[in-house]
Amino acid sequence: MENSLNLLSILTLLGSVQGFFLALVLLNTKGGDINAQRILALLTFLFALDLGEDFLYQLGVFEWVPNLLHVLAPIDLLYGPLIFLYVLRLTSRSVDGVETKLYWHFLPALIGLLVLVPFFMMDGSQKLEFTETLRRGEAMGSGNSDERLVRMGFLLFVLGTIIQLGLYLFFSIRRLLRHTKIIRDEFSDIEKISLAWLRYLLIGLSCIYVLYLGDQFFPDLLGMNILGDLITV
C-alpha cells in the first residue's frame with residue numbers, strides 16, 4: 001500500500017476539497033432549476049468523497065483502520081442513476097415528479113452493499129491483503145470458501161458497476177441527442193437552450209468510464225496503477 005505524500009496525493013486532496021466546495025456552492029446557488037443543481041451537487045459531493053478516500057489510501061491511513069476499506073464502494077452504483085436523473089431533469093419539458101418516478105434506480109446500490117457484506121465481515125488484516133491483491137489484479141493465496149465468497153462478491157459488484165454505468169451513460173447521451181434534435185426542429189435560435197456544455201460533461205464522464213473499464217482489466221499496467229491514477233487526476 002502506498003504511504004507517501006507526493007504530487008498525485010496532493011492533487012487528489014485538492015480535487016477532493018474543490019469538489020466539496022463546488023457541491024456547497026451548487027447547493028447555495030439561487031435561480032435556475034434548483035432540483036437539477038441539487039442533483040449535480042450530490043454527484044459532485046460523491047466524487048469528492050471518492051477522491052478523499054483515495055487520498056487516505058495513498059497516505060496508508062487504512063493500514064491503521066482497515067475496517068474502513070471499501071465502505072464507500074456502493075457509491076459507484078449511484079453515479080449512473082444520478083447522471084441520468086440530472087440529464088432527464090434538464091431535458092424534460094415537464095419536470096414535476098421526475099425524481100419520484102426514478103427512486104428504484106438506486107436499488108442496485110443497496111444490492112451492491114449486500115453483495116459486499118462477506119468482505120465487510122473479514123478481519124482487518126484479511127481486508128488489507130485482499131485489497132492489495134485486488135489492486136494488483138492478483139488472485140488471493142488460499143482458496144477457502146469464505147475467500148471464494150468474497151472474490152465472487154467483488155466480481156459481481158465490479159461487473160454490475162461496469163454494466164450499470166455504461167448503460168446509464170448510453171441512455172443519458174441518447175436522451176441528450178434526442179432533446180437536441182427536438183429543439184433544432186422547433187427553434188431557429190438554440191444557442192441558449194442547446195445544452196452543449198452538458199454534452200461536453202457527458203463526453204468527459206465517458207472518457208473516465210473508459211479509463212475505469214481499462215483499470216478493471218489492467219490494474220497493474222506496466223507494473224504501475226497508471227489507469228487508476230489517470231482516473232484520479
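The model is predicted, so local features need pLDDT of at least 70 and side-chain atom pairs count only at pLDDT 80 or more, while totals for chains, interfaces and linings use all residues. Residues are numbered from 1 along each chain as its sequence is written, and side-chain values use heavy atoms, with hydrogens and water left out.

The chain contains 9 helices and 0 strands; helices (H or I, at least four residues) and strands (E, at least two) are DSSP runs, numbered from the N terminus. Read from the N terminus, the order of elements is α-α-α-α-α-α-α-α-α. Of the 233 residues in the chain, 42% are buried. Here buried means under 20% relative accessible area, exposed means over 50%, and partly exposed lies in between (1.4 Å probe, protein chains only).

Angles under 35 degrees count as roughly parallel, over 145 as roughly antiparallel, 65 to 115 as roughly perpendicular and the rest as oblique. A crossing is left-handed if the near helix is turned anticlockwise from the far one by less than a right angle, and right-handed if clockwise.

Helix 1 (residues 7–27) and helix 2 (residues 34–58) have axes that come within 8 Å and cross at roughly 160°. The two helices are therefore roughly antiparallel to each other, and the crossing of helix 1 and helix 2 is left-handed. Their contact has 14 nonpolar, 9 polar and 2 charged residues. In this classification Ala, Val, Leu, Ile, Met, Phe, Trp, Tyr, Cys and Pro count as nonpolar, Asp, Glu, Lys and Arg as charged, and the others, Gly among them, as polar.

Helix 2 also packs with helix 3, at an angle of about 155° and with the axes 9 Å apart. Helix 2 and helix 3 are therefore roughly antiparallel, with a left-handed crossing. For helix 3 and helix 8 (residues 196–217), the angle is about 165° and the axes are 12 Å apart. This pair, too, is therefore roughly antiparallel, and the crossing of helix 3 and helix 8 is left-handed.

Side chains of opposite charge can pair when their charged atoms come close. A search of the whole structure finds 1 salt bridge, defined as a side-chain nitrogen of Lys or Arg within 4 Å of a carboxyl oxygen of Asp or Glu. The salt bridge joins the side chains of D33 and R89, at 3.0 Å from N to O. Because D33 lies in the loop between helix 1 and helix 2 and R89 lies in helix 3 (residues 76–91), the pair ties together parts that are 56 residues apart in sequence. D33 is partly exposed, at 24% relative accessible area, whereas R89 is buried, at 8%.

The structure has 10 aromatic pairs. Rings of Phe, Tyr and Trp (its six-membered ring) pair if their centres lie within 6.5 Å; planes under 30 degrees apart count as stacked, over 60 as edge-to-face and the rest as tilted. One of the pairs, F47 and Y79, is stacked, with 4.6 Å centre to centre and 15° between the planes. F47 is in helix 2 and Y79 in helix 3, 32 residues apart, and the pair links distant parts of the chain. F47 is partly exposed, with a relative accessible area of 30%, while Y79 is buried at 8%.

Another pair, F119 and F154, is edge-to-face, with 5.2 Å centre to centre and 80° between the planes. F119 lies in helix 5 (residues 117–120) and F154 in helix 7 (residues 145–186), so this pair ties together parts that are 35 residues apart in sequence. Both residues are buried, F119 at 1% relative accessible area and F154 at 6%. F119 and F154 belong to one aromatic cluster with F120 and F130.

Two further residues of helix 7 were examined. E147 is in helix 7 and is buried, with a relative accessible area of 7%. The C-alpha atoms of E147 and M122 are separated by 9.1 Å, and these residues are 25 residues apart along the chain. H179, in helix 7, is buried with a relative accessible area of 15%. H179 and L88 are 91 residues apart in sequence and 9.8 Å apart in space, C-alpha to C-alpha.

Definitions and conventions:
Axes are lines fitted to C-alpha atoms, for helices over the stretch in contact, and angles run from 0 to 180 degrees between N-to-C directions.
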